[in-house]
Amino acid sequence: MQKIEELVKREIENPDEYMLVCSALMAVTRNMYASALGPHDTARMFQAVSNSFIVVEDLIDKFRLGEKPTIH
């Protein structure tokens, strides 16, 4: 994963290309999931990924607004 990310970043010539690259990588990912899982389970996988963003943002907001926890 890191090798792919490094390769892609080297190919990007300006910040506007980031979204183009993200879209292309998403399309490749979708196609690979569809080949491996079929369209229904691919849609479920993408929904799970989308939900994970929401969960993480909710957790970040809880810690951002509250006191920092003490870790022992």
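Buried residues account for 6% of the 72 residues in this protein. The model is a predicted one. It holds three helices and zero strands. Along the sequence the pattern reads α-α-α.

**Surface**
- The protein has an accessible surface of about 6,800 Å².
- Carbon and sulfur atoms hold 63% of that surface.

**Nonpolar patch**
- Leu37, Met45, Val49 and Phe53 make a nonpolar surface patch of about 350 Å².
- Helix α3 gives the largest share of the patch, with three residues.
- Leu37, one of the patch residues, lies in helix α2.
- The relative accessible area of Leu37 is 38%, so this residue is partly exposed.

**Aromatic pair**
- A pair of aromatic rings is described by two things: the distance of the centres and the angle of the planes.
- One aromatic pair turns up in a search of the whole structure.
- Its partners are Tyr33 and Phe46, and the geometry is edge-to-face.
- The ring centres of Tyr33 and Phe46 are 6.2 Å apart, and their planes stand at 75°.
- The pair counts as edge-to-face because an angle over 60 degrees falls in that class.
- Tyr33 sits in helix α2 (residues 17–37) and Phe46 in helix α3 (residues 39–65), so the pair ties together parts 13 residues apart in sequence.

**Exposure of the paired rings**
- Are Tyr33 and Phe46 buried, exposed or in between?
- Tyr33 is partly exposed, at 29% relative accessibility.
- Phe46 is also partly exposed, with a relative accessible area of 26%.

Note on methods. Residues are numbered from 1 along each chain as its sequence is written. This is a predicted model: local features need pLDDT of at least 70, side-chain atom pairs count only at pLDDT 80 or more; totals for chains, interfaces and linings use all residues. Side-chain values use heavy atoms; hydrogens and water are left out. Rings of Phe, Tyr and Trp (its six-membered ring) pair if their centres lie within 6.5 Å; planes under 30 degrees apart count as stacked, over 60 as edge-to-face and the rest as tilted. Helices (H or I, at least four residues) and strands (E, at least two) are DSSP runs, numbered from the N terminus. Buried means under 20% relative accessible area, exposed over 50%, partly exposed in between (1.4 Å probe, protein chains only). Accessible areas come from the Shrake-Rupley method with a 1.4 Å probe; for residues, only the protein chains shown count as cover. Patches are made of residues with over 30% relative accessible area and no salt bridge: like charges are joined within 9 Å, nonpolar side chains (Val, Leu, Ile, Met, Phe, Trp, Tyr) within 5 Å. A salt bridge is a side-chain nitrogen of Lys or Arg within 4 Å of a carboxyl oxygen of Asp or Glu.
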